[in-house]
Amino acid sequence: MAPMTDAEAPFLAGADTDDDQAPLAGVSDFRGHPVRRATSGGWRSALFVVVVEIAGSFAFFGVSANLITYLTGPLGHSNAAAASAVNAWSGTASLMPLLGAFVADSWLGRYRSIILACTLYVLGYGMITLAATLSVQYQSPVGDIDSSLGPSSVQVAFFYASLYLVAIAQGADKPCGLAFAADQFDSDHPKERASRSSLFNWWFFSMAVGVAVAVAVVSYVQENVGWGVGFGMLCAIMLCTFAVFLVGTPTYRLYAPNPGAESPFVRLARSLAALVRTSDFAKRHHRHEEEDEDAAAKSEEARGVLRLVPIWAACLAYGVVYAQVMTLFNKQGRTLDRRVFGGLELPPAALQTLGPASILLFVPIYDRVLVPVLRCATGSPSGLTLLQRVGTGMAVSLAAVSTAALVEARRLETAREHGLVDDPDATVPMSWAWLVPQYGMIGVADVFAMVGMQEFFYDQMPGELRSLGLALYLSVTGIGGFISSALISFIDRVTSSGGGDSWFADNLNRAHLDYFYWLLAGISAAELVLYLWFARSYAYNNRKSII
């Protein structure tokens with residue numbers, strides 16, 4: 001019988017060969033000593049990394065999914081202030097990996113960056129646990145805040161410092177986790193290359209499962225056992241998995257960072273400067289031909305990036321809609337009847353699992369059903385071009401926020417019919433199932449838009465600047481969060497002036513989230529029109545220019 005490969009049996013080590021015993025070029029262990037294939041890397045090492053990365057996603061979403069409930073509960077924030085704060089924090093967490101990637105590649109290396117991230121995670125979640133434990137004494141029996149005994153400004157500042165420490169940890173962790181796990185497989189070795197492909201296939205599935213479990217389980221513990229226990233559980237999990245990661249240290253393959261490497265941001269700045277000077281080169285005949293050619297190459301790089309900017313800008317509305325999932329969708333669900341199986345009441349944050357669930361259900365349908373049908377209809381091997389895929393996701397996102405507006409209008413009408421307008425703590429007699437369509441459509445939109453944007457910005461970026469493709473992709477949700485934060489703050493001030501009820505009033509039965517959703521739908525529709533206009537004239541690199 002033929003021996004099983006590492007890809008077929010990832011937990012079993014194969015027999016030693018001369019190749020397995022030879023030192024690997026350009027790779028060392030944590031002491032700087034040469035390493036051998038037989039005693040380093042492979043699944044034995046990658047699984048340690050996978051464990052700590054699943055725990056990192058579990059802990060992060062364990063906080064973010066229900067953060068707005070904590071801010072409007074124990075911390076006593078208004079709905080508008082809480083939603084704005086969550087969007088700003090999540091936007092920061094989305095953008096920090098751009099800085100983390102540069103630091104890891106230039107100085108720390110991936111292994112040390114993950115150690116730094118785990119240290120900051122444990123410290124951050126520990127501080128959040130302490131803040132939650134201290135603030136619980138101010139919570140009234142019904143879960144609201146006694147206005148005479150609110151948390152002090154120092155306690156609030158301490159909690160936010162803890163949150164942003166976790167955001168910094170995300171910056172050090174996210175650019176390095178998957179890359180460091182992939183480093184444990186030699187791409188030039190057939191068996192290890194197959195194993196690395198298997199790693200990529202299962203990585204995102206594992207992350208999605210971790211996120212879904214975190215949203216459902218942690219939110220239930222936070223609201224039914226205690227916030228301190230819920231946050232403390234996340235700190236304990238990170239501490240344990242950090243220890244697991246360190247146990248694998250002797251087996252890791254480490255690649256040294258390159259301090260002399262030019263940052264893609266610096267390279268882009270040089271290319272833009274060359275583009276500005278290009279017109280002068282045409283007028284200055286005394287310039288050497290070699291200098292002209294170098295400037296022309298850099299100018300072409302800059303043009304390659306600038307032609308992506310209109311597409312990127314037209315995608316920002318998608319990021320603004322996406323920001324509502326952890327904030328206003330959550331508050332909307334809190335007012336509904338969330339009972340299942342007779343009497344068990346779901347935490348509002350648990351409804352967010354509908355998004356990942358719709359992704360897991362829709363991906364096989366898209367891959368096995370829609371792509372073959374679309375391939376026959378369009379002639380494109382992938383069914384849809386990259387820009388068509390992103391545009392479809394934006395259209396589904398527009399439908400999702402429009403559906404959310406209709407559901408919210410129905411909720412407000414039901415509250416009026418049952419005389420609940422002045423009772424902010426009352427459960428509106430509407431089932432949580434009314435929210436399934438908007439959550440489900442956001443998940444489907446992700447399959448189209450998020451995956452499409454990731455591939456488009458990477459594929460179309462000039463070769464030497466492809467790290468910026470990650471920057472553009474991440475910044476859609478990051479900057480979208482900041483735009484949502486600013487928009488909510490501005491609208492809250494305007495609509496609450498003169499003593500009227502804000503669109504985001506703490507009593508949601510007097511608020512008008514439906515108006516805000518319709519505003520987002522209008523913005524999304526306008527940007528979708530712009531997107532289609534930009535996409536129609538976009539010429540792919542080495543591809544036919546089609547939408």
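**Helix crossing**

I looked up the handedness first: the crossing of α15 and α17 is right-handed, meaning the near helix is turned clockwise from the far one by less than a right angle. The model is predicted, so I note that local features need pLDDT of at least 70 and side-chain atom pairs pLDDT 80 or more, while totals for chains, interfaces and linings use all residues. Residues are numbered from 1 along each chain as its sequence is written, and side-chain values use heavy atoms, without hydrogens and water.

I then checked the axes (lines fitted to C-alpha atoms over the stretch in contact, with angles from 0 to 180 degrees between N-to-C directions). Those of α15 (residues 354-378) and α17 (residues 436-460) come within 8 Å and cross at roughly 50°. The two helices are therefore oblique to each other; oblique is what remains after under 35 degrees (roughly parallel), over 145 (roughly antiparallel) and 65 to 115 (roughly perpendicular). Helices here are DSSP runs of H or I, at least four residues, numbered from the N terminus.

**Contact residues**

I listed the contacts (heavy atoms within 4.5 Å). On the α15 side they include L354, F362 and Y366, and on the α17 side V436, Y439 and F448.

**A404**

Is A404 buried or exposed? I found A404 in helix α16 (residues 386-417), and A404 is buried, with a relative accessible area of 0%. Buried means under 20%, exposed over 50%, and partly exposed in between (1.4 Å probe, protein chains only). Not counting residues up to four places away in sequence, A404 touches F329, Q332, Q438 and Y517.
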